[in-house]
Amino acid sequence: DEAYVQLGHGGLDADGDHSGRISVAAGIGTLAGGAGGGITFTAGNNTDNFAQLGHGGSLSNGDHSGLIEVLAIDGIMFTGSGNQSYTQLGHGGYNASGTDGSTGAIRVGSTRGGISFGAGAGDDAYAQLGHGGNRTNGDHGGDDDADLNLDGDITVRAAQNIDFNAGSTNAESYTQLGHGGFNSDGSHTGDITVSAGTAGTFDDIFDVDRDGTLETNGDDDLLFVNGGVGSIDFNSGAAAENYSQLGHGGSGASGDHSGDIKMFALQGINFTAGGANQAYTMAGNGGFNADGSHSGLVSARAGIDGTSGVTFTAGTAGENVFAQFGNGGSESGGDHSGRVEMLASGDISFLAGAGQEAYAQFGNGGFNADTGGAASIGSTGRLSIGSTNGQLIFRGGSGEDAYAQLGNGGRNNQGQ
């Protein structure tokens, strides 16, 4: 037990404020003709065998800050395992609350490989890219473009696939790309950009010339070489609270969560809910029972290859196993807003399931996601959706309140 691995300040039960920039690069010798290389963080099988790249650590209460930039020529993989043996790229950790929270921009890139985050089989063996963690309260992220140590923007680019998979057996082994986490109260902010199947030159990932800033003059250019694949997949698990989410918030994470979310995929974008209570899937700010007002653009472009589409599939069993593209979430009381847009080459499918509240929705809101009064603002925002070569498919499910909807609001959702 307690044999963890961490790249960052803090550790297990190391209370205090930890800060400083973290820069990690692997395989960069290939830029000069070397073979390349990847990055792997794997948690252990026993309790508190966590694996983290960031400040904080399990049970390390405090405010943690600093820019994080991670570059690998080949693949990047983070994998959870036993009880509280989570894996995380970001500041915070399991039950590591702070007075103010964790801040710092996060930039992650694999120039010829994929990026994979997988939760483990134990309790609380979550996998997260973002600040916060399981039961880690505080205002995570930020909005300070002038100081990247206090900002909250997340940029993730992979030449191949991007996969986030929740655990399949024990509870609260969720997976998330965004700030917050399970029962992590606070207001979480920052823009999120995610691209899979990336090809071309980008200067927004790593300070290549090590002068302290990202520049547009070519000094920080990185060439991404696509290998013919590039999908974005988020999959929830078969145990309670094993949700999957791209966005700030999380299950039970109360607070006002905000920031623009942009996804780009050479191939498909697929979000699949699980088969147990609260094993939902979502692209947007909010979550299940995440009370607060959630806002920001939610945008997706899939099928840049000319054929692939988008699928959001609700769960087959359990309660609140919804699939949603937009801000809010089931039973997240608040006023939810922001433009919601999606364009794909192939079919776009929103499929409700057999579970209770296994709805599928394109839009802000969700089941019972209001402030409880008709005088509230409710869920608002411009919606646009289209497929250049396929169909739009919205199909209701067989479970109670398993509706399929294109629009803001939702079942039992009041507002103006």
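Analyst: Rings of Phe, Tyr and Trp (its six-membered ring) pair if their centres lie within 6.5 Å; planes under 30 degrees apart count as stacked, over 60 as edge-to-face and the rest as tilted. By that rule, 21 aromatic pairs are present in the structure. Please note that this is a predicted model, in which local features need pLDDT of at least 70, side-chain atom pairs count only at pLDDT 80 or more, and totals for chains, interfaces and linings use all residues. Residues are numbered from 1 along each chain as its sequence is written, and side-chain values use heavy atoms, with hydrogens and water left out.

User: What geometry does the pair of Phe271 and Phe312 have?

Analyst: Phe271 and Phe312 are stacked, at 4.7 Å centre to centre and with 5 degrees between the planes. To place them, one needs the elements: helices (H or I, at least four residues) and strands (E, at least two) are DSSP runs, numbered from the N terminus. Phe271 belongs to strand β22 (residues 269-272) and Phe312 to strand β25 (residues 310-313), so the pair ties together parts 41 residues apart in sequence.

User: Is Phe271 buried or exposed?

Analyst: Buried means under 20% relative accessible area, exposed over 50%, and partly exposed in between (1.4 Å probe, protein chains only). Phe271 counts as buried because its relative accessibility is 0%. Phe312 is buried as well, at 0%.

User: Which arrangement do the rings of Phe322 and Tyr359 have?

Analyst: Their centres are 5.0 Å apart and their planes are at 5 degrees, so the pair of Phe322 and Tyr359 is stacked. Phe322 lies in the loop between β25 and β26 (323-325), and Tyr359 in the loop between β28 (348-351) and β29, so this pair ties together parts 37 residues apart in sequence. Phe322 is buried at 0% relative accessible area, and Tyr359 is buried at 0%. Ring pairs also link a cluster, whose members include Phe41, Phe78, Phe271, Phe312 and Phe394.

User: Which strands are the edge strands of the open sheet?

Analyst: The open sheet consists of 10 strands, in the order β1-β5-β9-β12-β15-β20-β23-β26-β29-β32, with parallel pairing. Its edge strands are β1 (5-7) and β32 (404-406), each of which pairs on one side only. Strand β29 (residues 360-362) pairs with β32 in the parallel sense over 3 bridges, and Phe362 stands opposite Leu406 in β32.

Key: Two strands pair if DSSP finds at least two bridges between them.
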